[in-house]
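Subject: Structure handover

Hello,

The structure you asked about is placed just below. My notes on what was found in it follow.

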Amino acid sequence: MGKVYKGVSLAACFAEFVGMALFVMIGCGSAMGIQGSGSSGGSGGADDTTAGETTSMIPGWVLMVSLVFGLSITTLAYTIGHYSGGQLNCAVTLGLVLTGNCHLVQGLCNFGCQMLGSVTGAAILCAIFPPELDMTKTLGSNSVGPKWNWWNALIGEIMCTFLLVFVVHQTACNPKSVMNRSQACLAIGLAVFMAHCVMIPIDGCSINPTRSFGPALLALTRMEAPKAVEPVTAAVGEVVASASLTTKAPLVEEDAAPSFWSGMWIFWIGPLLGACLAALVNNIMIKLDAMDSAKAEERPERKLKHKSTALEAI
């Protein structure tokens, strides 16, 4: 069971599951415990809204949550990296598959375990934080802040995920960085930290679809059910006031999905596109580097040829 079953490392799969559960628990938990997001956090609208509950413009809150996410990735990558590479992100997994650094079947298995780990981590958070003590109100789910448009968040997710996946390839996969391989996890964690510093005010920063999925899914179980209207009792023949029979129309459509779920596509499309872009750039750089190396090898051969022809002439 430990190592390989039909070409798939079960140890790597289990490591991704455990690592993802811990990552969601620690990362999202850091945002849930301290009030500093949503409308009261400076990035919400004028009205009391649940949109953007993990966005914030408070410098201290942004710095704290960014550090926790970055340090969590660094710690967990060092912890499980020798089993699975410490991917902990399906966008990173996709990038590694596209560049040939992870087999497709192993990547799919890692992805499934990451999804299960994300849901498990969110379930642990439900057990730790009662709904009334969850300062984000959504288990730290991502959603676009009221002051930003969806394309702002989408472009940000693409570029920040590009940063992360590009750093992963250059520090953990590139043969030229072998001498610095032990420091790769630190560089990757710093990339996550930098991305969160930029994106938390906009959409809470995902750059990791699996991290966004689990909390958003279980946050649906914590939504308040619509309150039923109490029936009006009246005696036979009694006229009931019309005001008691009328109710105000809801400000939000009853069938409308919550903001953290309706914008879920942003936190999938953006990071996956960013990963594809990083894989493309990485492949281009490797090919260009190979061309430069080939040219460097040709120069000594040309010099030797020139010397031999000169000796022959003498």
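This is a predicted model: local features need pLDDT of at least 70, side-chain atom pairs count only at pLDDT 80 or more; totals for chains, interfaces and linings use all residues.

**Glycine 33 and its loop**

Glycine 33 counts as partly exposed because its relative accessibility is 42%; buried means under 20% relative accessible area, exposed over 50%, and partly exposed in between, with a 1.4 Å probe and protein chains only. Glycine 33 sits in the loop between helix H1 (10-32) and helix H2 (59-84). Helices here are DSSP runs of H or I with at least four residues, strands are DSSP runs of E with at least two, and both are numbered from the N terminus. Not counting residues up to four places away in sequence, glycine 33 touches Phe129 and Met135, where a contact means heavy atoms within 4.5 Å.

Residues are numbered from 1 along each chain as its sequence is written, and side-chain values use heavy atoms, with hydrogens and water left out.

**The chain as a whole**

The protein chain has ten helices and two strands. From the N terminus on, the order is β-β-α-α-α-α-α-α-α-α-α-α. Of the 314 residues, 43% are buried. Among contacts with a separation of 6 or more, 81% are between residues 24 or more positions apart. The accessible surface comes to about 17,200 Å², and 67% of that belongs to carbon and sulfur atoms; areas come from the Shrake-Rupley method with a 1.4 Å probe, and for residues only the protein chains shown count as cover.

**Helix H4 and asparagine 110**

The 25 residues of H4 should span 36 Å at 1.5 Å a residue, and the end C-alpha atoms are 36 Å apart, which agrees. The expected span is 1.5 Å times one less than the number of residues. The buried residues of H4 include Gln106, Gly107, Asn110, Cys113, Gln114, Gly117, Ser118 and Gly121. An α-helix has 3.6 residues a turn, so residues three or four places apart point the same way.

Asparagine 110 is found in H4 (residues 104-128) and counts as buried because its relative accessibility is 1%. Its side chain makes a polar contact of 3.3 Å with the side chain of glutamine 87. A polar contact is a pair of N or O atoms within 3.5 Å; within protein, one must be able to donate a hydrogen and the other to accept it, and residues adjacent in sequence count only if both atoms are side-chain atoms. Leaving aside neighbours within four places in sequence, asparagine 110 is in contact with Ala12, Cys13, Glu16, Gln87 and Cys102.

**Around helix H3**

Leucine 88 is in the loop between H2 and H3. Its phi is near 55 degrees, a positive value in a residue other than glycine, and leucine 88 counts as buried because its relative accessibility is 0%. Asparagine 89 caps the N-terminal end of H3, with a side-chain oxygen 2.8 Å from the backbone nitrogen of alanine 91. Buried residues of H3 (residues 90-98) are Cys90, Ala91, Val92, Thr93, Gly95 and Leu96. Glycine 100 follows H3, and its phi is positive, near 80 degrees.

Threonine 210, in helix H7 (residues 209-219), is buried because its relative accessible area is 0%.

Leucine 272 lies in H10 and is partly exposed because its relative accessible area is 25%. Leaving aside neighbours within four places in sequence, leucine 272 is in contact with Cys90, Ala91, Leu94 and Pro209.

A nonpolar patch on the surface, with about 1,200 Å² of accessible area together, includes Trp150, Trp151, Trp265, Ile269 and Leu273. Patches are made of residues with over 30% relative accessible area and no salt bridge, with like charges joined within 9 Å and nonpolar side chains (Val, Leu, Ile, Met, Phe, Trp, Tyr) within 5 Å; a salt bridge is a side-chain nitrogen of Lys or Arg within 4 Å of a carboxyl oxygen of Asp or Glu. Helix H5 (150-173) and helix H10 (266-313) each give two or more residues to the patch, and H10 gives the most, with seven.

Regards
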